[in-house]
Amino acid sequence: MPKVVVLRWGHRHRDQRLTSHVALTARALGASGFIMADITDSKVEETIEKVTACWGGDFQFEMGQPWKRVVKDWRAQNGITVHLTAYGENIQTSDVMKRIRMTKKDVLVIVGSQKVPAGFFSKSVSDFNVAVGNQPHSECSSLAVFLDRFFEGQELSEDVIRNAKKKIVPQARGKRVVEF
Ligand SMILES: C[S@@+](CC[C@H](N)C(=O)[O-])C[C@H]1O[C@@H](n2cnc3c(N)ncnc32)[C@H](O)[C@@H]1O
């Protein structure tokens, strides 16, 4: 299965919880890593590293790299880029997901925050512009739906995660957690 890494553009320090939530969404729904472009924020890093240390996995967190370099390097390694935007090809009514899968390449998913630079829509940045419905909503919700469709739900059934210190035992009521 090709790997997916998420590139977040436009983090605001006063809104650091949202960036953390985008990264946690990426981790929980099967992405291999998250890159916070152009800026650093130790609070976001701390949150993600704590979650990964506790709940396991090899999720890679990076920050500070200029987004242009991330895109360039990704493509140089033969990956494709997918920009999530309400203005893109509709994930439900077009065959865009089929075309993305057909490439069989690793995917860099780009999500914005406030309005993204116009260049994000061009071929020089995004191989695909994908809309999770053509209504504006949020980077968290669009990322979650994209990843779930890309991995066809398989990412949700992962039971034992490498290096986990804790694991939730699903049940109808109450909370059960086992510690290793
Ligand atoms: C709050 S929206 C920002 C919208 C901004 N006002 C604009 O006009 O681009 C933040 C991010 O959520 C994602 N997003 C929002 N709605 C989306 C949709 N319907 N499909 C895909 N991505 C979406 C995009 O990545 C967008 O950059």
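**From the ligand shell to the whole chain**

The shell around the ligand is made up of 7 nonpolar, 8 polar and 2 charged residues. The model is a predicted one. In total, 17 residues surround the ligand, and the closest are L84, A86, G112, E139 and S142. Two elements, β4 (80-90) and α5 (139-150), each supply at least two residues of this shell. The largest share, 3 residues, comes from β4.

Leaving aside residues up to four places away in sequence, G112 touches W9, G10 and E139. Of these, E139 is also among the residues closest to the ligand. The C-alpha atom of G112 is separated by 8.6 Å from that of H83, although the two residues are 29 residues apart along the chain.

α5 has 12 residues, and the distance from its first C-alpha to its last is 16 Å, close to the 16 Å expected at 1.5 Å a residue. Its buried residues are E139, S142, L143, F146, L147 and F150. They cover an arc of only 125 degrees around the axis, which puts them on the same side of α5. What do the buried residues of α5 pack against? Their partners are β1 (4-8), α1 (16-28), β4, β5 and β6. Two of the buried residues, E139 and S142, are also listed among those closest to the ligand. Just after α5, E152 takes a positive phi of about 55 degrees.

Now for the chain as a whole. It contains 5 helices and 8 strands. Read from the N terminus, the elements run β-α-β-α-β-α-β-α-β-β-α-β-β. The radius of gyration is 16 Å, close to the 16 Å that the globule rule gives for 180 residues, so the chain is as compact as a globular protein of that length. Along its principal axes, the C-alpha trace spans about 50 × 35 × 30 Å. Of the 180 residues, 30% count as buried. Among contacts with a separation of 6 or more, 80% are between residues 24 or more positions apart.

Key
Residues are numbered from 1 along each chain as its sequence is written. This is a predicted model: local features need pLDDT of at least 70, side-chain atom pairs count only at pLDDT 80 or more; totals for chains, interfaces and linings use all residues. A residue is near a molecule or strand if its C-beta atom, placed from the backbone, lies within 6 Å of it. Helices (H or I, at least four residues) and strands (E, at least two) are DSSP runs, numbered from the N terminus. Ala, Val, Leu, Ile, Met, Phe, Trp, Tyr, Cys and Pro count as nonpolar, Asp, Glu, Lys and Arg as charged, and the others, Gly among them, as polar. Two residues are in contact if their C-beta atoms, placed from the backbone, lie within 7 Å. The expected span of a helix is 1.5 Å times one less than its number of residues. A residue is buried if 20 or more other C-beta atoms lie within 10 Å of its own, exposed if 12 or fewer, and partly exposed in between; C-beta atoms are placed from the backbone. The arc is that of the directions from the helix axis to the C-beta atoms. The radius of gyration is taken over C-alpha atoms; the globule rule is 2.2 Å times the number of residues to the power 0.38.
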